Amino acid sequence: MTVTAREAIDHGAQATRPEAAVEAFLYREARLADEARYSEWEALWDDDGVYWVPMGPDDDPHVNLSYIYDNRRRIKSRIAQLNSGVRHSQTPPSVMRRTLANLEVLDRTSDDRGTTVTVGANFALYEYRYDMNIWAGRVVYAVRIRADGELRLVAKTVHLVNAGGPVPTLAFLV
Amino acid sequence: MTELDTRPAPARTDVDDLVRPDRVSGAVYTDPEVFELEMQRIFREGWVYVGHESEVPEPGDYVTRRIGREPVILVRSKDGEVRVLANRCSHRGNRLCNAEKGNSSTFRCPYHGWTFTNAGDLVGVPMRQGYAERFLAVREELGLAPAPRMDSYGGFVFASLTAEGISLREHLGSATGAIDRLLALSPTGTLDLRAGWMKHRMRCNWKMVMENNVDGYHALFTHQSVYDAVRPAKVSHVPTKVEVYVRDLGDGHSEIDYAAEYTRLDDEFVWFGRAPREKLPKYVAAMEEAHGPEATHKAFVVGPPHTLIFPNLFLAEMNIMTVEPLGPGETIAYTTPALIPGQDEMNERMLRRTEGAMGPAGFLIADDGEIGMRNQFGLAAREPEWIQLSRGIETDIEDETGIVNHDKSAETPQRGWWKHWSSVLNGRAPGAVSGSTGEERA
């Protein structure tokens, strides 16, 4: 599922806060990304996950180029590369801390795999590598609450404030 | 985006002290005077890639770019002609067009309302009764300044900010073959460069970004993480096992050429993740209808070029890369896939492949950017003065295609780049505008 930044804003009119378990899951995702705990981060994803960083708020990934548009297989490759120890652009990894704020449930759907909660949030990310870089934007998550009670990430879309570029290296988990 | 001041004329007038046949001084990447000389001799006097005709398909379509540090508008005017116009109001110099792209019949300056057609003619001067007769007499000459030279090849638009000089065909020399090789993969013989440009800010010199693209030596090390953890290289890096060549095409252009190896294998799409024909039925059918089965098979085997066109265009197989130099240690690299008009199934794969390899998060280019930055850091140490580029110099062979080396890791392309670069900066390249009086040194 992909929700553009604008759609996310519109949906937010009647939004509620996510339930505690979903909120905790998202904070855990943020912490694992910050701490370069790559394999633990990868384990958060369901097998149909899509990690997307578009170049424009209204872009269609089937028509427009994105910075990142990883299906589950490519997420696996990205993590394998980061884990190799010779991904030079993340060797050593960026030191990072991010905050999520303004969490709102934008959508809630159910199917035979469980209930998927779409959550929109704003984020600020402080990345240090040689110099401090500050990244900010809108992040839209789809979290599946599976029938077995486990939570998994189905989609993470990151609308960077500076998506229009130019952007410095984005080799870390944004 | 940072706007840089135009500095006074460069103090440096040649680079004789910086370039030898087998090495260059580290100062070629760091010296601000070298950068100023490049802005003049390469980016004002020479041919520079600006954009692609497919980016402005309809009258009124425009994109804004820079040639060196100078803002220009690439526009298809009402008469259907593609023009390159200075993005500067003729009244007080305001940057006229501030969007990256769009469609407009006129450009109206927000400062005092002067209005120009999309062909650059001045058609509106508010409150014109306030001007004297002698202004009205010269009004017709106050259009937007067109690039003094503009030409295109295969849809790729180039311009020069100086009126005199060699033709674009002379500048491109045998590099036209690389553009032809790319266009041979399109059933219509055209490309579509409208997927969007990744703009990657790299903290290194623009020449590092360009030359690295034809460095066949770095891949096993810079990109070890891809080969170790993701997938092996598409063909072996061991020269005795493969028919891969590096080539100095002359005129500063160079390439890594996989054509002979792919032809030896006679496998289609080795360059496209070895995608089988069955995955691309519409594209295969359109190609066979346009070119016939034999030429289609050959195009699918030989694949796209991996060719650097001096100074700022890299045909990165199915990607197009160009650079905008911001200063000696800062560059923006622009990348977009070379989409094939009407071939959606092919194009979506191409988007995913471009994202995988290229740009700030790409599995390859993110690491090239990092290495470029560390190179710039390292060059802050002034000794030893010289950078070594002699690899393969004794096994280079000259033939009708240029100077060729059978070892992909030979630094033949870089030697070609620097030879041409120094002749341009010294004002000794064919058609040079501002010749140097310095004597040629060995």
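**Domain spacing.** I looked up how far apart the two domains of chain B sit: their centres, taken over C-alpha atoms, are separated by 34 Å. Domain 1 covers 48-153 and domain 2 covers 174-425, with bounds from an automatic or database domain assignment. I keep in mind that this is a predicted model, where local features need pLDDT of at least 70, side-chain atom pairs count only at pLDDT 80 or more, and totals for chains, interfaces and linings use all residues. Residues are numbered from 1 along each chain as its sequence is written, while chains are lettered from A and ligands numbered from 1 in the order in which they are written.

**Where the domains touch.** I found 7 residues of domain 1 of chain B in contact with 13 residues of domain 2 of chain B (contact: C-beta atoms, placed from the backbone, within 7 Å). On the domain 1 side, strand β3 (residues 48-52) of chain B gives the most, with 3 residues (strands are DSSP runs of E, at least two residues, and helices runs of H or I, at least four, numbered from the N terminus).

I then followed β11(B), which pairs with β12 (residues 156-160) of chain B over 5 bridges. In that region, Arg149(B) stands opposite Ser160(B) in β12(B).

**Across to chain A.** Finally, I saw 31 residues of chain B in contact with 26 residues of chain A. The largest share of the chain B side, 6 residues, comes from α11(B).

Notes
Contact = placed C-beta atoms within 7 Å. Pairing = 2+ DSSP bridges.
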